[in-house]
Amino acid sequence: MAKARIMVVEDEGVVAMQVAETLKGLGYEVPLVVMSGEEAVTKLLETEPDLVLMDIHLRGGVSGIEAAHRIRQRLDVPIVYLTAFSDAETLDQAQLTEPYGYVLKPFEEKSLHAILQMSLMKHRRARHAHEDGWWMSAVAESMMEAVIICDPKGYVKFANPAAETLLGKKRRELQEARMSELVRLVDGETRAPVTFPVTEPFLEGRSTVRANCRLVLSDERETPVEVSASPLRSPEGTLFGILYVIRESAERDRIQNVVLRQLEELSILQKRLLPSRETSVPGFRCEWLHLPTALGGGDALGWFRLDARHAAVYAIDVVGQGIIPSLFSLVLHMFLTPQVDEGGILVEKSREASGLRALSPAEVVRKLNSRFYLSDDANPYFTMCYATVEPATGRVRLARAGHPFPLLQKGDGTITEIKVEGYAVGLFPGADVPTEDLELAPGDRLYLYSDGLLDCASPAGVNFGLRRLQDAVRAARTTPLAEAVKNLRSQVISWRESEVFADDVSLIAIERE
């Protein structure tokens, strides 16, 4: 650490030299010794000392007190007075210059060193606090949100221009007024009074937020707001005030309502695109469940005829929640149809008698990988299971792209995970697409499901999990497929203890008759 630089101002030459030598012996640097107040003021900016040790009684036209006053006007530097006995009037005048301490003549080295160290430390802390306060004040002044600082009793000590605008009062009207007398808060829905946060920030020492509120001003005008309150602490950790930030939320509420309406409309559209209960595939039954999140999600299910010889079943999970995954699942639904003239990719025109050829599951996944490769992060990626079914024979060919392993339940009740490998669509466009060939006998069931079903958490945070899913499937073996899926839906909701889900829960099951 650099040595502290101390300017000595003393008009007695012997004393001045003694002080300088003592300071050097204590480890300080003495860049200048001057013998008059005029010279001290003149040389100050050239020297820029860390502290000025000033004789309170200086001969000449400028006394030590006057020199200290002028120095404080030019430079923020701590001043310590050297003094013998002085009358009360002189000391009162000296106090006006805000000295950091007094050293009595004749002085002791230990006493001098202690006073100088305390003065330097006190000044460093004061300067840092002043600079921090200046920066914080500048930040608060420039913020668009209303910023109000209150003392523990609720009296306003600071309000920025945004607070003046929001509350319709000048700063002088706000300062020293009680926060509770300036405004009141009511709940945006129930209209019940809402107390300004005080207990959490002041008594418990933690920040808190009051959302969905209305700020009611003295003229009964109301503004939708969100209020946050944070404790203010001294360097020693003592709570000395509360920082309130009041954000107007009218525009945000409007945007939020628009987004929620769009999500509701997307959810309705997604439900319309779920497999129709009217779909008829000779020799097969199909049932499904779909429990979307409130924010909208990307799960999609499909079951339909491809051509005269094939049907198709799929389950998709677009990663993420909200408008983008919801819209993307709708886009995928447009591709995953046998309507080749409307953009469907599941069949292609051929020279066969029917004029169409059903693509294999591996071909479908490869086409999707090529079309939706994440080369520029423009598309979300998704997982899926896609299978073609020959109703006449019960043959199934299945490709899995990152989706949970399907479950095959045989007529005797045994359950097997179909562990065919495969990466999520959009990650590796050139990846191999393994497939699995199955043959469903009468009474066999095939279940495709999303990870949202396995990860559905109870209030205690325990996931529904694969074991519970297998137990539910096993217990429902002798019941009709429609009832089995209906019971599973009830079990999941009961496990969650709510119909609000963190991720889409979806499942589709087919059974050969």
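This is a predicted model: local features need pLDDT of at least 70, side-chain atom pairs count only at pLDDT 80 or more; totals for chains, interfaces and linings use all residues.
Local features need pLDDT of at least 70 and side-chain atom pairs count only at pLDDT 80 or more, while totals for chains, interfaces and linings use all residues. Residues are numbered from 1 along each chain as its sequence is written, and side-chain values use heavy atoms, with hydrogens and water left out.

Reader: Are H2 and H3 roughly parallel or roughly antiparallel to each other?
Author: Helix H2 (residues 37-47) and helix H3 (residues 64-74) pack with their axes 9 Å apart, at an angle of about 15°. Angles under 35 degrees count as roughly parallel and those over 145 as roughly antiparallel. H2 and H3 are therefore roughly parallel.

Reader: How do the residues of the contact of H2 with H3 divide into nonpolar, polar and charged?
Author: With contact meaning heavy atoms within 4.5 Å, Gly37, Val41, Leu44 and Leu45 in H2 meet Ala67, Arg70, Ile71 and Arg74 in H3. Ala, Val, Leu and Ile are among those that count as nonpolar, Arg is one of the charged, and Gly counts as polar. The division is five nonpolar, one polar and two charged.

Reader: Is the pair of phenylalanine 328 and phenylalanine 382 stacked or tilted?
Author: Rings of Phe, Tyr and Trp (its six-membered ring) pair if their centres lie within 6.5 Å, and planes under 30 degrees apart count as stacked, over 60 as edge-to-face and the rest as tilted. The two ring centres of phenylalanine 328 and phenylalanine 382 are 5.9 Å apart and their planes stand at 55°, so the pair is tilted.

Reader: Is phenylalanine 382 buried or exposed?
Author: Buried means under 20% relative accessible area and exposed over 50%, with partly exposed in between (1.4 Å probe, protein chains only). The relative accessibility of phenylalanine 382 is 0%, so this residue counts as buried.

How values were computed
Axes are lines fitted to C-alpha atoms, for helices over the stretch in contact, and angles run from 0 to 180 degrees between N-to-C directions. Helices (H or I, at least four residues) and strands (E, at least two) are DSSP runs, numbered from the N terminus. Angles under 35 degrees count as roughly parallel, over 145 as roughly antiparallel, 65 to 115 as roughly perpendicular and the rest as oblique.
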